Amino acid sequence: MINVRSVNLCFDHQTVARPVLQDISFQIPPYGSCAIIGPSGCGKTSLLFLLSGLLQPDSGEIVIAGTPNCGTILQNFGLFPWKTVYQNIGLGLVLQRKKKSFIQERVTRLLREMGLGGFEEHYPGQLSGGMQQRVALARALATEPEILFMDEPLSSLDALTRERLQNLILDVWQAKRITAVLVTHSIEEAVFLGRRIIVLSKRPGRILRIVDNPGAGEPDYRQSEYFFHQCGILRETLKGEENGQQT
Amino acid sequence: MGSKRDIFIAALILLGLWELSALLLDSIALPEPWLVVKDIGRKLADGSLLDDLAISAARALLGILLALTAAVPLGLAVGAEESLRRRISPFIYLLYPIPHVVLLPLIIILFGIGNFSKIFLIALVVFFQILVTTRDAAKDINRNYFYAMQTLGASRWQMYVHVIMPASIPKIMTAMRISVGTSVAILFFVESFATTRGLGYIIMDSWGRSDYVSLYTGIGSMAMLGFSFYLILDRIEKRLCRWTPS
């Protein structure tokens, strides 16, 4: 269970504190999935950084039950260009000083699961965007996290690769019994992957709406009428925000 | 660096220009290149040049290595740690522009007139070139890499090993390339006193005797020495930087 209670965050901008997030409260049930969506610059990434502990809130609190092991995929994959695919995936385990044989076994399994077999000695720069994303996913999964944080993991990919990887993320989420938290600016992606969808306003980000979306997780959800209905709700909410700010 | 063919062509063009200038100038201060090439060949064959070449190579190499071992760790730390950067950078900017070769008298008093003083002076000059480049390399690393390391639970030391050091290596290699040129130039200066060995000595000695062919033999050997260093650096870079798009 992830519990976010009245969180506020400011960034210092030339000695003036500018609010980034205001009064954010929501919960994510264990083994749930949550999509955070909002206009660009609304503080989605900051919210994910808060959840994953890279930033600390100015007020409010974020309570994560137990002290779970977390995996994070940052924007633009966050892979290290000077490390091979194998080294990138195994890095978390190397940092934890795991045994070499253990690392080899785990990484080899992930390479197979992610369809990266034969590419272990390649460098990220030699791979397509879709494959780099798989490496990033494999690296985040290598330490067997209970919570997986993803910051726009698929935003730079073409439509087809994107759908394929959305399915992969879905498979991973269901097979490994993890809690998945995903930041996205794509309405379809949010509805496809997020059982709970947090809609943020323009900066400073406030919660406009929390949409419960129990259909997420069904592989053929994309074709269902309910899927389009949910997308419509999100679109209206985000549009209303845009219009509201213009007048 | 270019293919063997390109290097060969460049060498031919340079020799051609040299020949042309020698013919036009018609001065004993610029002998024709074939005389010099013949002299180098003879002295290499009888081994007399080899000793001086080896001694100069050793002095330059040790100087560079000494500078490298001091400048890289310091540069990485000053670049990566903001508090250090604030405090140390003014020292660097004050000390870097000094013509370090003028410290020679002091170095001789401290370390004597032997080889160590020569190596130390080369190291001192090259040290700042490597330090400044390494510091800038470590300073400019994309912050996302640090975030990514943080999400994997890295310690500060692990940041150095897995991010700061490898990310800085391409720029350190560039600094090394600049240092090779500098070290050979300083070599001439440090071998012009208190030694009877080395390429710098050959140049000074031939100059004094107005033996211009030998003088250019010394100069040509210095060029070859620097060139070999570049070849070695290229090899090392290919090994260390396999990940950079070439």
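What share of the contacts in chain B with a separation of 6 or more do residues 24 or more positions apart account for? The figure is 72%. Two residues are in contact if their C-beta atoms, placed from the backbone, lie within 7 Å.

This is a predicted model, in which local features need pLDDT of at least 70, side-chain atom pairs count only at pLDDT 80 or more, and totals for chains, interfaces and linings use all residues. Residues are numbered from 1 along each chain as its sequence is written, while chains are lettered from A and ligands numbered from 1 in the order in which they are written.

**Stop 1: chain B**

Select chain B. There are 10 helices and zero strands here. Helices (H or I, at least four residues) and strands (E, at least two) are DSSP runs, numbered from the N terminus. The C-alpha atoms of chain B fill a box of roughly 70 × 50 × 30 Å along the principal axes. Of its 246 residues, 30% are buried. A residue is buried if 20 or more other C-beta atoms lie within 10 Å of its own, exposed if 12 or fewer, and partly exposed in between; C-beta atoms are placed from the backbone.

**Stop 2: chain A**

Switch to chain A. Colour by secondary structure to see seven helices and nine strands. The radius of gyration of chain A is 18 Å, close to the 18 Å that the globule rule gives for 247 residues, so chain A is as compact as a globular protein of that length. That radius is taken over C-alpha atoms; the rule is 2.2 Å times the number of residues to the power 0.38. The box for the C-alpha atoms of chain A is roughly 60 × 45 × 35 Å, taken along the principal axes. Buried residues are 42% of the 247 in chain A.

**Stop 3: the two domains of chain A**

Colour 28–54 + 146–247 as domain 1 and 80–145 as domain 2. These bounds come from an automatic or database domain assignment. The C-alpha centres of the two domains of chain A lie 26 Å apart. Across the boundary, 11 residues of domain 1 are in contact with six residues of domain 2. On the domain 1 side, H5(A) gives the most, with three residues. That side divides into eight nonpolar, two polar and one charged. Ala, Val, Leu, Ile, Met, Phe, Trp, Tyr, Cys and Pro count as nonpolar, Asp, Glu, Lys and Arg as charged, and the others, Gly among them, as polar.

**Stop 4: helix H4 of chain A**

Select residues 129–141 of chain A. Of these 13 residues, 10 are buried. Among them are Gln132(A), Arg134(A), Ala138(A) and Arg139(A). The cover includes strand S5 (70–73), H2, helix H3 (100–113), S6 and H5 of chain A.

**Stop 5: where the chains meet**

Show both chains. Here 15 residues of chain A are in contact with 16 residues of chain B. Helix H2 (residues 85–95) of chain A supplies the largest share of the chain A side, three residues. By class, that side has eight nonpolar, seven polar and no charged residues.

**Stop 6: the core**

Finish with the largest nonpolar core, 114 residues. Such a core is a set of buried Ala, Val, Leu, Ile, Met, Phe, Trp, Tyr and Cys residues joined through C-beta atoms within 7 Å. Residues with the most contacts inside this core include Val181(A) and Ile122(B). Helix H6 (residues 115–139) of chain B gives the core its largest share, 13 residues. Zoom in on Val181(A): its contacts include Ile28(A), Cys34(A) and Phe149(A), not counting residues up to four places away in sequence.

Notes. Expected span 1.5 Å × (residues − 1).
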